[in-house]
Amino acid sequence: MRAGLLIGVSLLAVAALAVGWRLAQTRGSRQANQQRAGQETSTPQAKHPQESSSNSFAQGTTALAGTAEEKETERRFGPFSISGSDYTVVLHNKKRQPGSTQENGETVVAMEIRDAAGAMQYQRKFPYQEANDTFSDAWYVDARILAGTNGTGLLVSYNYDSEPSAPQRSYPDWWQVFGVVGGKLKPFGAPVSFEGQLGWDAAAKTNIYKSAGPLGPRADTLQFRIWTGHFRLIYPVRVDWAEGKMTPAQACDEQAAMGGSGEVQACQYNVLPETDRQISNTTFVTLCSRPGEKCENPEKVVVKTNSKVVLLVAQVKARWNGGVVTGPSGKSEKLMDAMDDAGGVGWAPNDELWLKVRIDGKEGWMHGEEDFHAFGLPEDQ
């Protein structure tokens with residue numbers, strides 16, 4: 001389980017933190033489960049609903065330094081019809097190194113998007129792990145049609161995994177949108193990382209992901225459900241089909257994304273219900289009439305085990321980082337190099353998170369770990 005949002009707003013920090021955090025967490029859990037994992041077998045990866053049936057893993061071979069020749073397999077998603085043209089996502093895979101827990105399956109070493117004539121329109125490479133490493137690392141890529149009211153594109157997800165027998169997690173680590181602008185397929189920015197979901201089901205029987213709705217005549221919205229450490233807020237992202245960009249959908253988020261020297265404005269976000277909230281005894285929380293540094297006339301409100309509670313809205317100074325638009329550096333020395341262009345969204349440790357709630361008909365704003373714990377909000381998603 002992850003514990004919180006990515007923090008940091010520099011272009012390279014988001015990618016480094018994302019991969020570094022994933023590496024530390026998953027490898028730590030591996031060591032604790034090595035005996036159990038050694039006795040288990042991995043679950044085969046479900047067939048993608050638009051995986052090309054004509055391709056039954058075309059074979060090829062490449063030589064790796066210090067190892068025997070490894071076969072490279074090819075997996076295809078598509079063709080996907082976008083703006084009147086067909087595009088196919090091609091994954092180049094190699095056998096995943098077994099590591100100390102004897103993993104099996106494959107890892108992606110390259111992802112390509114090709115047009116109907118076979119010409120490559122986009123490529124991203126991933127480092128391949130040598131056989132002498134104690135841990136077994138793997139990359140996974142998936143692709144679906146992104147269907148909006150005002151446009152259609154390609155939604156690609158990237159996963160990094162080093163846990164035993166977990167080829168598909170509940171949500172990817174990075175997302176990237178592609179579309180056609182001026183007759184040419186292009187990425188609508190770098191991959192972005194969100195500590196949360198997009199309603200993405202890797203095993204779903206459909207190859208289409210529908211946007212949350214239109215934003216004016218030429219854009220659509222994606223709604224990311226971001227885990228804050230105690231609850232999930234909905235962060236809306238604008239997909240502009242005309243300009244070929246992904247940007248924050250709210251004006252206050254756009255101000256923060258511009259990186260100005262002034263004070264970042266706090267935004268309010270819708271929140272999702274937390275059904276696993278647990279209150280074992282009657283307690284109380286402090287509610288304020290409005291969010292901010294000063295809480296005038298704070299009120300102690302009793303929370304009973306049977307209180308009717310509703311999470312209404314959250315407020316925080318979120319910071320959007322669009323990543324490096326020129327793409328990855330091309331390095332392949334470290335694991336994080338594959339995503340060293342990635343962006344994301346987060347906030348600084350000193351930026352307070354506020355949550356507006358209704359408790360037995362009484363509304364107010366709460367903040368701080370003490371009240372979040374008293375309110376029974378979960379600490380893990």
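This is a predicted model: local features need pLDDT of at least 70, side-chain atom pairs count only at pLDDT 80 or more; totals for chains, interfaces and linings use all residues.

User: How many helices and strands does the protein chain have, and what share of its 381 residues is buried?

Analyst: The secondary structure of the protein chain consists of four helices and 24 strands. Of the contacts between residues at least 6 apart in sequence, 61% join residues at least 24 apart. The share of the 381 residues that is buried comes to 49%.

User: Which residue does Cys252 join in a disulfide, and which hand does the link have?

Analyst: Cys252 lies in helix 3, residues 251-257, and its partner, 15 residues away, lies in strand 17, residues 267-270. The disulfide joins Cys252 to Cys267 with an S to S distance of 1.5 Å, and both cysteines are buried. With 130° about the S-S bond, the link of Cys252 and Cys267 is right-handed.

User: In the disulfide of Cys288 and Cys295, why does Cys288 count as buried?

Analyst: The disulfide of Cys288 and Cys295 has an S to S distance of 1.9 Å, and with -110° about the S-S bond it is left-handed. Cys295 is partly exposed, because its relative accessible area is 26%. Buried means under 20% relative accessible area. Cys288 therefore counts as buried, its relative accessibility being 5%.

User: Which residue in strand 24 stands opposite Lys356?

Analyst: Strand 23, residues 354-359, pairs with strand 24, residues 362-367, in the antiparallel sense over six bridges. Their hairpin has two residues between the strands, and Asp360 takes a positive phi near 50° there. The residue of strand 24 opposite Lys356 is Trp365.

Note on methods
Residues are numbered from 1 along each chain as its sequence is written. Side-chain values use heavy atoms; hydrogens and water are left out. Two strands pair if DSSP finds at least two bridges between them. Buried means under 20% relative accessible area, exposed over 50%, partly exposed in between (1.4 Å probe, protein chains only). Contact means heavy atoms within 4.5 Å. A disulfide is a pair of cysteine sulfur atoms within 2.5 Å.
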